[in-house]
Amino acid sequence: MEQLLSELIQLSRSLGSDATLVWAGGGNISIKDGQGGMFIKASGTELGRMSRTRGWRKVNLNQVLGLLDNLLSHKPNAGRAKQGLLDSCCDTLADVTMPSIETFFHALLGRCVVHLHPVAVLPYLCSKNGYNHLKRSLSPKFDFHRIDFRGFGVVTAGQIQRRIYKKKLKLLSKTHIFFLSNHGVIVSCQSAVQAKTIVQQIMNRCEKHLPQTILVRTAAKDKMMETAANLQSARSHCCDSLANQITVPVKSLQTPKGVMPQKKWFEGIITPEELTYLRAGILWLPNDHPNTLKKHIHSHFRKTGLWPAAFYVCRQGLFVSESKENLPLYKKVFAYYLQIRGRAMQMGGLRPLARKRLSGEGL
Ligand SMILES: [Zn+2]
């Protein structure tokens, strides 16, 4: 157990501390003990902060697989899935955090399973022609399975389970890569060392074939500060609780060929992460007039039920509103998302998530 846990912690910290691979509570990693148990990241915790005493759970594999079959044969139910996962835990941790809601597909796959949401992979998974580009970037070295996004956890595991049966996949002896549209990558292999190498190779190939990005010219510093202040006051005007978040311009924006972002780059929501963490994407604003700001902020709230946290003001640049401690990370992630959207535009245009997939609930 000691050695398995060290393998899991080392891999989780190493991949989880790289914000281009995963950030905040996203992504998950697991290792099976070969005796019916599996160590997996705990729900909502950060991969990069896993330790011996927190951030993971050990589950009974048979129990998880039985639960999955049971959930798939009825209408998926979030409450039963969560309680069932908690009941499947067989460690002695004082912590009662639930295992990741994505535990189900981990249980179906090989000894070591890594699931990430990499910046270099998302443009392929969020665009109309992305899969053709992905094939060109990865072949002949890597073959992969494509799974269409239908929600998290139980439903995704059901889709992967069908693929395993249909293709008679050998999971204990072979490496398999799955790409989940609008979501991320899953690598199923035999060890943490192997997983790390494969993730690195996929990232290098994906990065190499992406349209190059260069710095975009943003408005002058004074103008950016004035717009940030206007946004801050428009948000406070819309909702009192937003007043303690700070609005700042994001410097060093990069887009393909350094082109100025256009309105169509910001249509829809392209990943579940954009919905849950990033408050439903980046809001495009034609100008920084106070009335325009208020009108667009309200309309975003009406459409999504969320107050926007990132704004692209036409011919000026990107602005982010967040609490002081979250700002450094959010600035980085919103700038990545602008890059992802710009690169996806060069692969046949964006393929946003369908509205009916936006209900969340982790199913
Ligand atoms: Zn995920």
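Helix H9 (residues 221-238) packs against helix H11 (residues 290-304) at an angle of about 50 degrees, and their axes are 9 Å apart. Helices here are DSSP runs of H or I with at least four residues, strands are E runs of at least two, and both are numbered from the N terminus. An axis is a line fitted to C-alpha atoms, for helices over the stretch in contact, and angles run from 0 to 180 degrees between N-to-C directions. H9 and H11 are therefore oblique to each other. Under 35 degrees counts as roughly parallel, over 145 as roughly antiparallel, 65 to 115 as roughly perpendicular, and the rest as oblique. The crossing of H9 and H11 is right-handed. That word applies if the near helix is turned clockwise from the far one by less than a right angle; anticlockwise gives left-handed. From H9, the contact uses Asn230, Leu231, Ala234, Arg235, His237 and Cys238. From H11 come Pro290, Leu293, Lys294, Ile297 and His298. Two residues are in contact if their C-beta atoms, placed from the backbone, lie within 7 Å.

This is a predicted model: local features need pLDDT of at least 70, side-chain atom pairs count only at pLDDT 80 or more, and totals for chains, interfaces and linings use all residues. Residues are numbered from 1 along each chain as its sequence is written.

Stay with H11 for a moment. Histidine 300 lies in this helix. Is histidine 300 buried or exposed? It is buried, with 20 other C-beta atoms within 10 Å. The cut-offs are these: a residue is buried if 20 or more other C-beta atoms lie within 10 Å of its own, exposed if 12 or fewer, and partly exposed in between, with C-beta atoms placed from the backbone. Leaving out residues up to four places away in sequence, histidine 300 touches Ala280, Leu283 and Pro308. Histidine 300 and arginine 279 are 21 residues apart in sequence, and their C-alpha atoms are 9.7 Å apart in space.

Asparagine 287 sits in the loop between strand E11 (282-285) and H11. This residue is exposed, with 12 other C-beta atoms within 10 Å. Asparagine 287 touches Thr292 and Cys314, if residues up to four places away in sequence are not counted. Its C-alpha atom is separated by 26 Å from that of arginine 351, 64 residues apart along the chain.

Now step back to the whole chain. It is divided into domain 1 (2-208) and domain 2 (215-345). These bounds come from an automatic or database domain assignment. The domain centres, taken over C-alpha atoms, are separated by 31 Å. The contact takes 14 residues from domain 1 and twelve residues from domain 2.

Next comes the core. The largest nonpolar core has 94 residues. Such a core is a set of buried Ala, Val, Leu, Ile, Met, Phe, Trp, Tyr and Cys residues joined through C-beta atoms within 7 Å. Val114, Ile282, Ala310, Phe311, Leu318 and Phe334 have the most contacts inside it. Helix H12 (residues 327-345) gives the largest share, eight residues. Domain 1 and domain 2 both give residues to this core, so it lies between them. What does phenylalanine 311 contact, leaving aside its neighbours within four places in sequence? Its partners are Leu231, Ile282, Leu283, Leu285 and Phe319.

Another helix pair is H1 (residues 2-16) and H8 (residues 192-208). Their axes come within 10 Å and cross at roughly 15 degrees. That makes H1 roughly parallel to H8. This crossing is right-handed. Glu7, Gln10, Leu11, Ser14 and Leu15 in H1 meet Ala192, Ala195, Lys196 and Val199 in H8.

Leucine 210 is buried, with 22 other C-beta atoms within 10 Å. Setting aside neighbours within four places in sequence, leucine 210 is in contact with Ala120, Pro123 and Arg343.

Finally, look at the backbone. Most residues other than glycine have a negative phi, and most peptide bonds are trans. Alanine 24 has a positive phi of about 50 degrees although it is not a glycine. Alanine 24 lies in the loop between H1 and strand E1 (28-32). Lysine 168, also not a glycine, has a positive phi of about 50 degrees. A cis peptide bond joins serine 139 and proline 140, with omega about 0 degrees.
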